[in-house]
Amino acid sequence: MDQPSLYDDDIVTWAEQQAAAVRALASRPDLSNALDWENIAEEIESVGRSQISAVEQKLLQMLIHVLKYMSAPSAQSTRSWRSEVIAFHAAACRAYSPGMRQRIDWSWLWKTARLQAEASLRMFDDRLVVGLPNAMPFTPEELVSETFTMDWALERLASALNRPADHH
């Protein structure tokens, strides 16, 4: 039985499979109704949801700092933003599993990163760079790649900017 491996490699998929198994047991009339099968299944599923939420938050913070750096490269905080991108990226990579790819709302993540970066920049009279794409400019695989760096992300964003001349 390789379930311990699935638990270690993809806790989201593991949690979904285990919750489905508990629900299947709940439908068996020969088993005790003393257990609260549905809530047990939901608790197991919440393990996967909490892992997804944790990864989303790390990726969100990573994107916010990349956006702030791109928008205000001469700000005093750029060194801390760079170091925080490294830390958030490492934490996201460690916690990310393949089962999360289809469950993370990548569009929400990008939209929220833009909104939060803009709000943070405005506190210091800076503004988000103009022309950022509306859609997430990074694939999930790129965001959790070991080769992801702040410089690579800045280059990618610079090449994705919608410049006014591009709209002819």
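**Close-up views of a predicted model**

**View 1. His 89 in helix 4.** His 89 is buried, its relative accessible area being 8%, because buried means under 20%. The residue belongs to helix 4, which spans residues 78–95. Setting aside residues up to four places away in sequence, His 89 touches Met 62 as well as Leu 143, Val 144, Ser 145, Glu 146 and Phe 148. The model shown in this and the other views is predicted.

**View 2. Confidence along the chain.** The chain has a mean pLDDT of 90, and 94% of its residues reach 70 or more. Of the elements of the chain, helix 5 (residues 106–122) has the highest mean pLDDT, 97, and helix 1 (residues 3–9) the lowest, 74.

**View 3. Packing of helix 2 against helix 3.** Helix 2 (residues 11–26) packs with helix 3 at an angle of about 175°, and their axes are 8 Å apart. Helix 2 is therefore roughly antiparallel to helix 3, since angles over 145 degrees count as such. On the helix 2 side, the residues in contact include Ile 11, Val 12, Trp 14, Ala 15 and Gln 18. On the helix 3 side, they include Val 47, Gly 48, Gln 51 and Ile 52. By class, 14 residues of this contact are nonpolar, three are polar and four are charged.

**View 4. Ile 52 and its surroundings.** Ile 52 lies in helix 3 and is buried, with a relative accessible area of 10%. Apart from neighbours within four places in sequence, Ile 52 is in contact with Val 12, Met 100, Arg 103 and Ile 104. Along the chain, Ile 52 and Arg 101 are 49 residues apart; their C-alpha atoms are separated by 9.3 Å.

**View 5. Packing of helix 3 against helix 5.** Helix 3 (residues 37–71) and helix 5 pack at an angle of about 50°, with 8 Å between their axes. The two helices are therefore oblique to each other, and their crossing is right-handed. The contact of helix 3 with helix 5 comprises 12 nonpolar, six polar and three charged residues.

Key
Residues numbered from 1 in each chain as written. Predicted model: local features only at pLDDT ≥ 70, side-chain atom pairs only at ≥ 80, totals over all residues. Heavy atoms only, no water. pLDDT = per-residue confidence, 0-100. Helix = DSSP H or I, 4+ residues; strand = E, 2+ residues; numbered from the N terminus. Axes fitted to C-alpha atoms, helices over the stretch in contact; angles between N-to-C directions. Parallel < 35°, antiparallel > 145°, perpendicular 65-115°, else oblique. Left-handed = near helix turned anticlockwise from the far one by under 90°. Nonpolar A, V, L, I, M, F, W, Y, C, P; charged D, E, K, R; others polar. Buried < 20%, exposed > 50% of the residue type's maximum accessible area, 1.4 Å probe, protein only. Contact = heavy atoms within 4.5 Å.
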